[in-house]
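Please keep the sequence and the structure in view while reading.

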Amino acid sequence: MTASADTMKPPRTEVGVLGWLKKNLFSTWYDALLTVGSVGFVAVVLYGVTNWALNTARWGVVTTNIKVFMVGRYPYDQIWRVWASVGLFVVMAVVTLVIRKLANPRARRAVTIAWVVVLLLTLGLLKGVGETIIPSVPVAIWSGLMLTLTLGIIGIVASFPIGIGLALGRRSSLPVIKVFCTTYIEVIRGVPLITVLFMAMLMLPLFLPPSLRLDNVLRAMVGMTLFSAAYVAENVRGGLQAIPKGQYEAGRAVGLNEALVMGLIVLPQALRAMIPAIVGQFISLYKDTTLVVMVGLLDLLGIAKAVTGQTEWIGLQKEVFAFAGVIYFITCSVMSYASRRLEKQLGVGER
Amino acid sequence: MENERHEASDGQDMIVCREVHKWFGDFHVLRGINLIVKKGEVVVICGPSGSGKSTLIRTINRLEEHQQGDIFVDGIELTHDIRNVHAIRQEIGMVFQHFNLFPHLTALQNVTLAPIYVRRWSKDKAEGVARQLLERVGIPEQADKHPGQLSGGQQQRVAIARALAMQPKIMFFDEPTSALDPEMIKEVLDVMIELAKAGMTMIVVTHEMGFAREVSNRIIFFDEGNIVEQAPPDKFFTHAKEERTKLFLSQILTQ
């Protein structure tokens, strides 16, 4: 056969920028109308927002108070500790990205352990260990973005394993464990977070021995973690149910015991399938940290509200809340971006 | 039970079932099975669907539980003791109709998983053995692919390699070619024929009568939860005694 038929170029209106425009934006008269209308609308909104942001808005309220937004009441002479923690996280993030590329399983495990160590290290660093070396900064006065991130990260890290445990417990063949986990999950899911937070504030001290007095930030942390764990558990359970019976049978048939079947075959597949749902739950947990304002803590939003109350910045709520909104947006976007990356990375060869 | 005598029956008993009964709810699936499989014997089980033939082999490695009767595998009694169950499962390699490969692992990892975690082999040793096995089933070049990237026939061959990796003394095949496209059936049967000729003890639930004729020592016809008839292949196809067997054969051989 001749090759000339293959090498003919398609009509110019079908390809390139023009072709794309014609196909997607102007293929019919009402498409064209919609396109022009939407572009006009977007332009008006963009103009309004930019004009406000660049000309009308007085960003002084944000720039002057930036430290307050970030670390709240954390003593300013100790701020190097916050910077050091941020530095540690950045280093760990870079190391993780590099190691992921190398794809050596042993190195990956080391990185996971290193993350846990770094997390504990930064907590110790921020809180202080031993009065003489690093003076203590009581968790009770943590506030601002630092409190938001601490609550979010601790909540996520702690609620994930608890959630998996609850999900497995709910499927247990031992009635006591099953009933306990099911009741826990259903009760927590039937109650608003704010109720759980108030309960944590008021009830935890009643259950714990007097020697173990948790301050209010820790109590909020416990409340958020226990709340989120119930939702993670339901997500994980959904993932577990999607795994066909044949996978369990194949695992048993090659001689694996039940724990290994769960840990090596079922859970990895279930968690992989549930990444979007679980990350969604984590993002919602992160945003829900704003509710701690109701129990008297000053997270980023609480600080924002306090700042608008300062007499010299009266009437500048827009600037302050726009700034807080942008920060929430950025942090949440990072999380969902990471989730998509993770899905892609783990999705190799999925059926 | 009247035991048919044939050339492989001088070995030791690998599988002994005595009066095995099983019910699914009220449904009586296995109705007093008596079966002895000798070392090195290749037994083909055929019969209409729902007759309990898959359930029988699934019962022998405790994927299903029997309610009455005794089962021994290589001298180990199948009891509720989890150690016995694990010991028996390690003696038996199982190949499923729908392959049941682990989709999140590569072909090689599918094969090495159990040796590493159950036999506690080093990763190097397990991978060495796994590569040899993938070579033996004819797909060494697919080692690093995931099951989703392989054809049905290739997946089933990985599944056979996975079962062999635990160095079982017995292999069970539960309709290994039923889920395959016709052009892939032969590549799987060839692997099974090679295994049978190498002296592996095998129980194969299948309707592949060509395979049964070529390598089996004995064919068992199963119906309504019991063994209706068993005979070496030459006798089975030409001199079936029972009406039900003849009817089944006439249906399956004209297809």
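The notes below go from the basis of the model to the interface, and then to helix packing and salt bridges.

This is a predicted model, in which local features need pLDDT of at least 70 and side-chain atom pairs count only at pLDDT 80 or more, while totals for chains, interfaces and linings use all residues. Residues are numbered from 1 along each chain as its sequence is written, chains are lettered from A and ligands numbered from 1 in the order in which they are written, and side-chain values use heavy atoms, with hydrogens and water left out.

**Interface of chain A and chain B**

- Chain A gives 21 residues to the contact and chain B gives 22 residues, where contact means heavy atoms within 4.5 Å.
- About 2000 Å² is buried between chain A and chain B, with 65% of that area coming from carbon and sulfur atoms; buried area is the accessible area (1.4 Å probe) that two parts lose on being put together, summed over both.
- Between the two chains the count is 1 salt bridge, a term for a side-chain nitrogen of Lys or Arg within 4 Å of a carboxyl oxygen of Asp or Glu.
- In a salt bridge, the side chain of Glu249(A) meets that of Arg58(B) at 2.5 Å, N to O.
- On the side of chain A that touches chain B, α12 (245–253) and α13 (258–288) each supply at least two residues, helices being DSSP runs of H or I with at least four residues, numbered from the N terminus.
- The largest share of that side, 8 residues, is supplied by α12(A).

**Packing of α13(A) with α15(A)**

- Helix α15 (residues 317–346) of chain A packs with α13(A) at an angle of about 170 degrees, the axes lying 10 Å apart; axes are lines fitted to C-alpha atoms over the stretch in contact, and angles run from 0 to 180 degrees between N-to-C directions.
- The helices α13(A) and α15(A) are therefore roughly antiparallel to each other, a label for angles over 145 degrees.
- Residues of α13(A), including Ile275(A), Val279(A) and Ile283(A), meet residues of α15(A), among them Tyr328(A), Met335(A) and Leu342(A).

**Salt bridges**

- Over all chains, the structure holds 23 salt bridges.
- One of these salt bridges joins the side chains of Glu234(A) and Arg170(A) at 2.9 Å, N to O.
- Glu234(A) lies in helix α11 (residues 216–241) and Arg170(A) in helix α8 (residues 144–170) of chain A, so the pair ties together parts that are 64 residues apart in sequence.

Methods. Parallel < 35°, antiparallel > 145°, perpendicular 65-115°, else oblique.
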